[in-house]
Amino acid sequence: MRRWLALVSPVLLVACSKAQPPAGKWEGGYESNGTLVVARVEILPTGLVKISAPDLLGIADTSLEKMAQNRARLAAELANGWGDVAPRAFEFDGKTFRKPGGVAPQMVWDKTTNQMTLQFYFGNNPALPVHLRPVTEFHDSPFASG
């Protein structure tokens, strides 16, 4: 019986342990239906999360030139403000990040592709998924490839 407990105990500890968030960086943007969002996420080795996502709403009837200016402005706001973003804790179940004690998903991580999806909430509307790609370093523009 003791031998069985000795073998099962480590398995139970692993099964009951808290999922560790994936350390890394993700960035990306969303542009559709008059909404523009740029975003960065960094998960530190400690599991704390830095996140920033400036946005513009109600810009559906914007010229291509003005939209390019909006994208550049938000990208600059994201890059320039990144140093001031404080890391914070989230609950993580191996896939979904939630605010501590919260119910609504804030981010969803796909382990197979290492893609992070930021769930963006505007008022009482359903969440807007903003798909972020993994990066080794952040770009000046979150729309940059690579």
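The model is predicted, so local features need pLDDT of at least 70 and side-chain atom pairs count only at pLDDT 80 or more, while totals for chains, interfaces and linings use all residues. Residues are numbered from 1 along each chain as its sequence is written, and side-chain values use heavy atoms, with hydrogens and water left out.

Me: In what order do the elements of the chain run from the N terminus on?
Reply: Helices (H or I, at least four residues) and strands (E, at least two) are DSSP runs here, numbered from the N terminus. The chain has two helices and nine strands. Written out, the order is α-β-β-β-β-α-β-β-β-β-β.

Me: What percentage of the residues in the chain is buried?
Reply: Buried means under 20% relative accessible area, exposed over 50%, and partly exposed in between, using a 1.4 Å probe and protein chains only. The chain has 146 residues, and the buried share is 34%.

Me: What kind of aromatic pair do Phe92 and Phe97 form?
Reply: Rings of Phe, Tyr and Trp (its six-membered ring) pair if their centres lie within 6.5 Å; planes under 30 degrees apart are stacked, over 60 edge-to-face, and the rest tilted. Phe90 and Phe97 are edge-to-face, at 6.5 Å centre to centre and 85° between the planes. For Phe92 and Phe97 the centres are 4.4 Å apart with 35° between the planes, so the pair is tilted.

Me: Why does Phe92 count as buried?
Reply: Phe92 belongs to one aromatic cluster with Phe90, Phe97 and Trp109. Phe97 is buried at a relative accessible area of 0%. Phe92 counts as buried because its relative accessibility is 7%.

Me: Which ring does the charged end of Arg71 sit over?
Reply: A charge sits over a ring if NZ of Lys or CZ of Arg is within 6 Å of the ring centre and within 35 degrees of the ring normal. The charged end of Arg71 is 3.9 Å from the centre of the ring of Phe143.
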